[in-house]
Amino acid sequence: MLNSLSKLLTESRFNVVVGKSVDSAIYQAEYARPKLMILDITESEFNGVKACQSLKEDKITKDIPLVLLADIAHKEEKIKCLEIGAVDYINKPIQPEEVLVRVRNNIIICQLQKQVHEQNLRIQHQMAIQNLIGMMQEQICQSAKLEEILNDTVNELRGILQNERVFLYQLEQHSMQATSLDLINLETNYNYYPSKGSDYIPNYQETKAGYFPSLNEYQNPLYQVENKFNLILPIRQGRKIWGFLIVENVSQKSEGQELEVELLKQLVRQVGVTIQQAQLYERLQTVNEELHRLATLDSLTQLANRYWFNMYLSQEWQHLLIEETQGFRFKGNPNCLSLIMCDVDYFKPYNDSYGHLAGDFCLQEVAKAIRETVNRPADLVARYGGEEFAVILPNTSAETAFDIAERIRTKVKCLQIAHSNSPIAQYVTLSLGVSSIVPHRESSPEELIATADRALYRAKEQGRDRTYLL
């Protein structure tokens, strides 16, 4: 029966391959890639239902339309095979006209279904890639880091293409040829060497998107993967190539893939723009951070300057005022805002004796000592002016602030910076004034500063080298 059927189809200009077993059919289908398979379930040598199930479970033959050869005696087997996935049947004894019509119709139907599926898939890919481009642009607007954007892009693209072998590579800096590409995605240390086994890069500036032979993990051209290619698209920045998008182990290029390649080209262009925007943003952010640092930092002591002291005090005042109004208590404590004002005792005589360079060094050492003593993230140490320093202590009671001030005074004294013209000690000392308040609408930050100033005045009035709480 198979011989006569094969002869009929061959004479009708079909290319026919005959398999005597399921294993033989699968083996031949892997290479012949048939548009349709005919299974004779009346053969006594094997179980037709089991054969149908095996063909529909195998990854090579599961999507190939399967037509049954059946007769009245095998009605139940025919129904089971149709339930498993067979698309049609031909009754025995066969009628040549019927066979040819059913074969042609099923091939056409399968091709139409495949075209519809591919079209739907392309539409889905187009929408997904457009969404991916939108995501990249949104991340740029949200100031996301370049590495994060590219990693998200790769992961999303792997899902869209259903291919885990999708990578972004960056050309080595200072390299004149693209002999080695570093993987940006940090999931693996895998390196790709495109110049081994393919000659598309001697001058990588001229590289165009295309398919290139897919090599095994050792990149040995002697072990080329059969019928598999790497789709490689350069990522450009102006006339330079930043790197490559590589989709590994894809099937031989076909017409159905052209739109997908165009979509990937569009994505790659956006990747290039995104990289450029991210780099510009990072440079701008660095400049802004440096400008902010210069605007808020005292150049001599590297502490916050008077401007930032005023801004931070106002910010913490408002923050604690809101918490107090809403009844929130940090760890059950009152919402106290404490302030320490520090003054280097007899600093003018020190400058007169040791010179201004020594005076600058003295202030730097005092600033360092205060900063090492006050180390909570929310606390701020600032140079208030001249030889005067200030410490802002949010959520700090008056008693705790007094203890911190005493530690600062002791720390500075232990520096043992010689001060021969000080009438109270042989070393540099500090006088400190402490004030504390729970912010409320009838008070202000200026009131806290004025109270701390009065406390500092009292410390000086009582002999200096001491802390006074008011």
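Helix H12 (residues 445–461) lies across strands E9, E10, E11, E12 and E13, running at about 145° to E12, where contact means heavy atoms within 4.5 Å and angles run from 0 to 180 degrees between N-to-C directions of axes fitted to C-alpha atoms, for helices over the stretch in contact. Helices (H or I, at least four residues) and strands (E, at least two) are DSSP runs, numbered from the N terminus. This is a predicted model, in which local features need pLDDT of at least 70 and side-chain atom pairs count only at pLDDT 80 or more, while totals for chains, interfaces and linings use all residues. Residues are numbered from 1 along each chain as its sequence is written, and side-chain values use heavy atoms, with hydrogens and water left out.

**Sheet**
- The five strands form an open sheet in the order E10-E11-E9-E12-E13, with mixed pairing, two strands being paired if DSSP finds at least two bridges between them.
- Because strand E10 (380–385) and strand E13 (467–469) stand at the edges with a single partner strand each, one side of each has no neighbour in the sheet.
- Strand E12 (residues 430–437) pairs with E13 in the parallel sense over three bridges, and Val434 has Leu469 in E13 as its bridge partner.
- Helix H8 lies across strand E9 (337–344), E10, strand E11 (388–394) and E12, and runs at about 130° to E10.

**Leu297**
- Leu297 sits in the loop between helix H7 (258–296) and helix H8 (306–325).
- Leaving aside residues up to four places away in sequence, Leu297 touches Gln302, Leu303, Ala304 and Asn305.
- Leu297 and Phe309, twelve residues apart in sequence, are 9.8 Å apart in space, C-alpha to C-alpha.
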